[in-house]
Amino acid sequence: MKKLLLSALALALLHVTVTQAQSNDIPHLEKRDNRYALIVDGKPFLVLGGQINNSSAWPATLPSAWSAAEAMHANTVEAPVYWEQIEPIKGAFDFANVDLLINQAREHHFHLVLLWFGSWKNGQNHYVPEWIKSDTKTYPREENDYGKLLDVMSPNSSANMEADKLAFAALMRHVKSIDGTDHTVIMVQVENESGSVGSIRDFSPAAQKAFEADIPAEFARSLHLSPGTWVKEFGPNADESFAAYSTAHYINEVAAAGKAEYPLPMYCNVWFAYPVHALENRDRPSAGQEYPSGGPQQANIGIWKAAAPAIDILAPDFYSDDFTLFRDIVAAYGRADNPLFIPESHFDATFGRYFFYALGKGAIGFSPFGIDRTQLPEVPNPQGIVAASPIRSVNPAENFALFNAPEAQIAQLNLDGKLYTAVEEKGSARQSIHLPTADAVISFGFPQPDGAYPPGTATFQGRAMVAQLGPLEFLVTGFDASVSFALPAADLQKEPNQQIEILEAEEGQYVDGVWRATRILNGDQTDRGLNFRGANPPLVRIRLHKLPLYDEAVHRNGE
Ligand code: DGJ
């Protein structure tokens, strides 16, 4: 008996230690079959983020930032940490703003993504401290090809890099000391839209010397390049590739110094190369003019992956109403070696469709920019006329309102590869999602009279999600969409004598991870598919079953 009691005690202790170890796990990325989840306190976490304005992480402005994030139902706030503010005098750190940020985020029940505004901010150096700005001898600037000093720190200067490393490491040490067990801070952005505006690369004498030398051996090996100069290896792309390597290498050192203190997941946001309007002799944007040269743009992903292994994610900021471009960007950055994360987008009605699309491609999170402006703009239709009834006006907050409660389930379903989305596009108001056991047929816009093609919506805002919960059980939701299920054509060809029907459709919500049904939908709510018409759509769990189309036994008897 005593022995039994002792081993029970030992088991209990073991349990406590294991649970503690799990909950003490710092936020990290998990990869499964080339899909990713951000794990926070042992569970997949979907970042429903809102980025505050650049100058909002101050005591005077934070209160309205929290209200804005609450109004949009975000679970995470992306907020800057300014190098000029935390290190006003070389080596003397002031973390008052960081402490305030973290304490207030906790009071308002938000997680935080800290944005390190260090050497780079939008391809420039505007957040470096004064003692750096005013000492260009010690902390050299990038020079353009005719020697002008730019407002960009040279990525080829070890003095610059060491100063940034020291400051960032101090920040991460501090974050660990106050948040190492609470995990309010779940991820860190290292620099902001790095690269240089004003020149394709640094032409200062020191940088020129490095440019004329051979490519660093380790970098060449990791890209399977033979030893040689930048020009020999990269030909017409030599200048930009050199800039990309130099910037990636610098930022990798900064990130690694921070991770040595506290290894949170770290990412770099990207001002990618937007296509230019085709003019004669101008078929591509120019590096350093239309986008910051040397940042992790589409063409530089390979260089960055090789030169910056301490950066976990290259994350594109998306500011365009071109949905085709969004698809291309998601395809470029959602790679087996790169989790998909959209850290910035417009904060308007367009963001919902991008958010749904990214979710269907496995995104670990999404975060519109500039959420703390005083008033949301009105939502115009494509003609610029404010939408009148019967067009539903879209509130950007409706997206996160829908996913806030079930975020852990959604992130888990995505990690398991069971989540699918459909997004309305011009000319395709009806779409099918091919799930392993059934097709979900999505029709956008209302009304949907029998026999007619669905009308779509005026602003192509229809969007739907279907996730596979069991063999014929699905979690469904969406906006301006109806969803019905059919057997896949290929299955019917193989076995024609079968059909599916609804067993039960429950409307409900996940409360603390547990499904709570509020009612059973039937009749008009299911006869023409599940309808998601209003601003606050429900989550629906639908179970179907298969049955024969004809009862063969009865037919035989009747013969
Ligand atoms: C992208 C930057 O990353 C943000 O900090 C901000 O400057 C926005 N652009 C403004 O649109």
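Which residues is T477 in contact with, leaving aside its neighbours within four places in sequence? The list runs L402, F403, A464, M465, F532, P537, P538 and L539, where contact means heavy atoms within 4.5 Å. This is a predicted model, in which local features need pLDDT of at least 70 and side-chain atom pairs count only at pLDDT 80 or more, while totals for chains, interfaces and linings use all residues. Residues are numbered from 1 along each chain as its sequence is written, and side-chain values use heavy atoms, with hydrogens and water left out.

T477 sits in strand 19 (residues 473–479); helices (H or I, at least four residues) and strands (E, at least two) are DSSP runs, numbered from the N terminus. With a relative accessible area of 0%, T477 is buried, a word that stands for under 20% relative accessible area, as against over 50% for exposed and in between for partly exposed (1.4 Å probe, protein chains only). The T477 side chain also reaches the backbone oxygen of P538 at 2.8 Å.

A464 is in strand 18, opposite A422. Strand 15 (residues 419–423) and strand 18 (residues 463–470) run antiparallel and are joined by five bridges; two strands pair if DSSP finds at least two bridges between them. Strand 15 is mostly covered, with four of its five residues buried.

Now for helix 4 (residues 96–107). Its 12 residues reach 16 Å from first C-alpha to last, close to the 16 Å expected at 1.5 Å a residue, the expected span being 1.5 Å times one less than the number of residues. Buried in this helix are N97, V98, L101, I102, Q104 and A105. Their cover includes helix 2 (62–71), strand 5 (76–82), helix 3 (83–86), strand 6 (111–121), helix 6 (158–179) and strand 9 (185–192). After helix 4 comes H109, with a positive phi near 60°.

V98 gives a closer look at helix 4. V98 counts as buried because its relative accessibility is 2%. Leaving aside neighbours within four places in sequence, V98 is in contact with V81, I86, L171 and H174. V98 and N414, by contrast, are 316 residues apart in sequence and 32 Å apart in space, C-alpha to C-alpha.

Helix 6 has 22 residues and reaches 30 Å from its first C-alpha to its last, close to the 32 Å expected. At its start, a side-chain oxygen of S157 comes to within 3.3 Å of the backbone nitrogen of A159. Helix 2 holds A69, which is buried at a relative accessible area of 0%. Not counting residues up to four places away in sequence, A69 touches A74, V77, F110 and I371.

What about the nonpolar side chains? In soluble globular proteins, these tend to be buried together. Here the largest nonpolar core has 126 residues, of which L112, W116 and F326 touch the most other members; such a core is a set of buried Ala, Val, Leu, Ile, Met, Phe, Trp, Tyr and Cys residues joined through side-chain atoms within 4.5 Å. Helix 10 (residues 238–261) gives this core its largest share, nine residues. Another core, of 24 residues, lies apart from it, with A422, A438, A464 and L530 among its members.

The structure holds 39 aromatic pairs, meaning rings of Phe, Tyr and Trp (its six-membered ring) with centres within 6.5 Å; planes under 30 degrees apart count as stacked, over 60 as edge-to-face and the rest as tilted. F272 and F318 are stacked, at 5.9 Å centre to centre and 25° between the planes. F272 lies in the loop between strand 10 (266–270) and helix 11 (301–307) and F318 in strand 11 (residues 313–318), so their pair ties together parts that are 46 residues apart in sequence. Both F272 and F318 are buried. The F323 and F326 pair is tilted, because the planes are at 45°, with centres 6.3 Å apart. F323 and F326 both belong to helix 12 (residues 323–333), three residues apart, about one turn of the helix.

Methods: Polar contact = N/O pair within 3.5 Å; in protein donor to acceptor, adjacent residues only side chain to side chain.
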